[in-house]
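Subject: Structure handover

Hello,

Please find the structure below, followed by notes on what was found in it.

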Amino acid sequence: MPDPAPQRLTVLGATGSIGQSTLDVVARHPDRFEVFALSAQRQDDKLLEQCLRFSPRFAVMGDATAAERLRAGLRAAGRDTEVLCGEEALERVAAADEVAMVMAAIVGAAGLRPTLAAARAGKKVLLANKEALVLSGRLLIDAVAASGAVLLPIDSEHNAIFQALPAGYAREPARAGVRRVLLTASGGPFRTAPIDSLANVTPEQACAHPNWVMGRKISVDSATMMNKGLEVIEAHWLFGAPADMIEVVVHPQSVIHSMVDYADGSVIAQLGNPDMRTPIANAMAWPERIDAGVRPLDLFEIARLDFERPDFARFPCLKLAFDALRAGGTAPAVLNAANEEAVAAFLDHRIGFLDIAAVIAASLERSRPGAVDSLEAVLAADAHARELARDEISRLRRDR
């Protein structure tokens, strides 16, 4: 029999760390994967390099000026990749008939529409954009069920849980004998720092993650452990687990990526070196396994594995995420939007590190959670939460 044709792939957020790792896996297996479309917001120079290497049919820019620069660069190189721009173009390349799988790696609420479009079109959705579930978990899960799409998690923690669950698991934890879902967390760069020193943390310090190389926004989320809080909400939707079944375990070595605790006393863990190519390759090739270019784990080199309970006094953002999950409705959307605004203000030196949690708490307190019954309702809650967060940021700046 002839070898099957390569699966066509759209990478949303191609110039970010997840997108680059995805393309690294593609390059290792050109017989299995073919790039259909790539997208970026403004980094046309990086996207041009990727287009020249992978020759996608489409390239989508979020910024119109960047799109013009990319067109010029492709013309000069004699390439026929078609450059598109805007949100509708993202949805188009995510739902295109030719596409088999979509890497959803656009950071933040901006990735919501194209991720939903891919799910509604029945694609194999590789979910690295956790906000799609945090904001609109019910909408995305219902879209997957209605279309027959396959939703595979890319976050190392959720991918680890996916691997540790039994085959055929259908979002029914009790039926599968699952007692707890254990999400591991590195604790970020301030795990052992004196709490009273956190008021003086700089953006550069917050972005210096001890184990992972990530973008600035997600690095700050790791430092506050909001990243883990968002993952708690994501785990709820991915695995049908209520808040009381999800536990966060601080594990500084980032070798155990997460665990599942079963009713019979078994705890099944997935281990590996901290390299995002592992979960990416796992999801891309699922249910098979392929080489990801990741160095094999040397347990003798690691020698020890440590575990701690998370300290909510040190990481108030984690508690706020659990609170939002229990509140339900649009509360997680409010949490996410307020966090995005607060992190942006912190990275711009407009508020302090500890103010991030204060902005989120104030936004949650002032908001009125509603039902997640439409995309419009989610986006309205997101927009209102951003207004509340900006008001709180302005108040904090006035009170300095």
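Two strands are taken to pair if DSSP finds at least two bridges between them; strands (E, at least two residues) and helices (H or I, at least four) are DSSP runs, numbered from the N terminus. This is a predicted model, in which local features need pLDDT of at least 70 and side-chain atom pairs count only at pLDDT 80 or more, while totals for chains, interfaces and linings use all residues. Residues are numbered from 1 along each chain as its sequence is written, and side-chain values use heavy atoms, with hydrogens and water left out.

The sheet. Met-259 has Ala-269, in strand 11, as its bridge partner. Strand 10 (residues 256-262) and strand 11 are antiparallel, with five bridges. They belong to an open sheet of four strands, ordered 9-8-10-11 with mixed pairing. Strand 9 (246-250) and strand 11 (267-271) are the edges, each pairing on one side only. From one strand to the next, the twist averages 20°.

Helix 7 (residues 156-164) lies across strands 8 (178-185), 10 and 11, at about 40° to strand 10; axes are lines fitted to C-alpha atoms, for helices over the stretch in contact (heavy atoms within 4.5 Å), and angles run from 0 to 180 degrees between N-to-C directions.

Helix 5. Because seven of the nine residues of helix 5 (residues 112-120) are buried, the helix is largely enclosed by the rest of the structure. Buried means under 20% relative accessible area (1.4 Å probe, protein chains only). Among the buried residues are Leu-112, Pro-114 and Leu-116. The buried residues pack against elements including strand 1 (7-12), helix 4 (87-95) and helix 16 (375-398). Just after helix 5, Gly-122 has a positive phi of about 75°.

Regards

Key
Buried < 20%, exposed > 50% of the residue type's maximum accessible area, 1.4 Å probe, protein only.
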